[in-house]
Amino acid sequence: LNPYALLCGLVSLAMLVMHGSCFLALKADRPVCDRARHYGQWAMVAFLALFTIGGLWTAWGLEGYVIQEGAHPDGPSNPLGKTVVMETGAWLNNYSAYPLFLLAPIMAYGGALLAGLALRMAKDGLAFVASAVSVTGVVATAGVSMFPFLLPSSSDPTSSLTVWDASSSQMTLFIMLVGTVVFMPIILAYTAWVYRVLRGRVTLEYVDSNKDGTY
């Protein structure tokens, strides 16, 4: 628990309030819908401000991890077979090495701005989609910034886990692929069915006419 972690918590809170407000504006009727649009715009402003502060802090006030030697993507998993050092601003190195990674923060900023504008224009469907893009961008920003680290060690940087250290065996990955091919279509079909059943706004008239079955 430290100031940077608390900032990350506030970023997450503002982001989820923005996204939740967009969903509530899409699903609820007035006056709840109007309140959701109002607070969603303020949450968007707070999110952008906090996300920007977090980026500046990461660039100039936070030590990142850098692999100096010993990382072998095609070799056997060995968390102790590498040398890792800490450098201020190192979490942003990937953006210069892989410029395509910049799409992640662009999605975070662009999606949030579009969501706020759409809420202001009462385009609730567009606001929800844009907010979802922003959430995806935020999560991706954290992921691509830390790559290839998955679990940095605060006590011994060399013991940090990377994507290669934590990878499963070839057989395990194949079994997971088969399971995904079999079950993912079922999950997608079920999710699509749920969204179809729950489509549309929840109005006061609908609640009054379905008092015994509406929760």
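**Figure 1. The largest pocket of the predicted model****.** The space in this pocket amounts to about 820 Å³. Its lining consists of 25 residues, and those nearest the centre are Y4, C8, G54, T58 and A142. Helices α1 (3-27), α2 (32-60), α4 and α5 are the elements that each give two or more residues to this lining. The largest share, six residues, is contributed by α2. By residue class, the lining of the largest pocket comprises 16 nonpolar, eight polar and one charged.

**Figure 2. The second largest pocket****.** The volume here is about 330 Å³. A set of 14 residues lines the second largest pocket, with K27, V197, L198, R199 and G200 lying nearest its centre. Two or more lining residues come from each of α1 and α6 (170-197). Nine residues of this lining are nonpolar, two are polar and three are charged.

**Figure 3. Packing of helix α4 against helix α5****.** Helix α4 spans residues 103-120 and helix α5 spans residues 124-146. Their axes come within 7 Å and cross at roughly 160°. An angle over 145 degrees counts as roughly antiparallel, and α4 and α5 are therefore roughly antiparallel to each other. The crossing in which α4 passes α5 is left-handed. The contact of α4 with α5 is made by 16 nonpolar residues, six polar residues and one charged residue.

**Figure 4. The loop between α4 and α5, with A122****.** A122 sits in the loop that lies between these two helices. The phi angle of A122 is positive, at about 65°, although this residue is not a glycine.

**Figure 5. Packing of helix α2 against helix α4****.** The axes of α2 and α4 are 9 Å apart, and the two helices pack at an angle of about 160°. This angle makes α2 roughly antiparallel to α4. Where α2 passes α4, the crossing is left-handed. Both α2 and α4 also give residues to the lining of the largest pocket, shown in Figure 1.

**Figure 6. The aromatic pair F23 and F128****.** The structure holds ten aromatic pairs, and the one formed by F23 and F128 is shown here. The ring centres of F23 and F128 are 5.6 Å apart, and the angle between the planes is 50°. The pair is classed as tilted. F23 belongs to helix α1 and F128 to helix α5, so the pair ties together parts that are 105 residues apart in sequence.

**Figure 7. The cis peptide bond between R30 and P31****.** R30 and P31 are joined by a cis peptide bond with omega of about 5°. P31 is placed in the loop between α1 and α2.

**Figure 8. The cis peptide bond between F147 and P148****.** The bond joining F147 to P148 is a cis peptide bond, and its omega is about 5°. The loop that holds P148 lies between α5 and β3 (149-151).

Definitions and conventions:
Residues numbered from 1 in each chain as written. Predicted model: local features only at pLDDT ≥ 70, side-chain atom pairs only at ≥ 80, totals over all residues. Heavy atoms only, no water. Axes fitted to C-alpha atoms, helices over the stretch in contact; angles between N-to-C directions. Helix = DSSP H or I, 4+ residues; strand = E, 2+ residues; numbered from the N terminus. Parallel < 35°, antiparallel > 145°, perpendicular 65-115°, else oblique. Left-handed = near helix turned anticlockwise from the far one by under 90°. Nonpolar A, V, L, I, M, F, W, Y, C, P; charged D, E, K, R; others polar. 1 Å grid on protein atoms, 1.4 Å probe; cavity = no way out; pocket = protein on both sides within 12 Å on 5 of 7 lines; lining within 4 Å. Points joined across faces, edges and corners; volume = space filled by probe spheres on them. Phe/Tyr/Trp six-rings, centres within 6.5 Å; stacked < 30°, edge-to-face > 60°.
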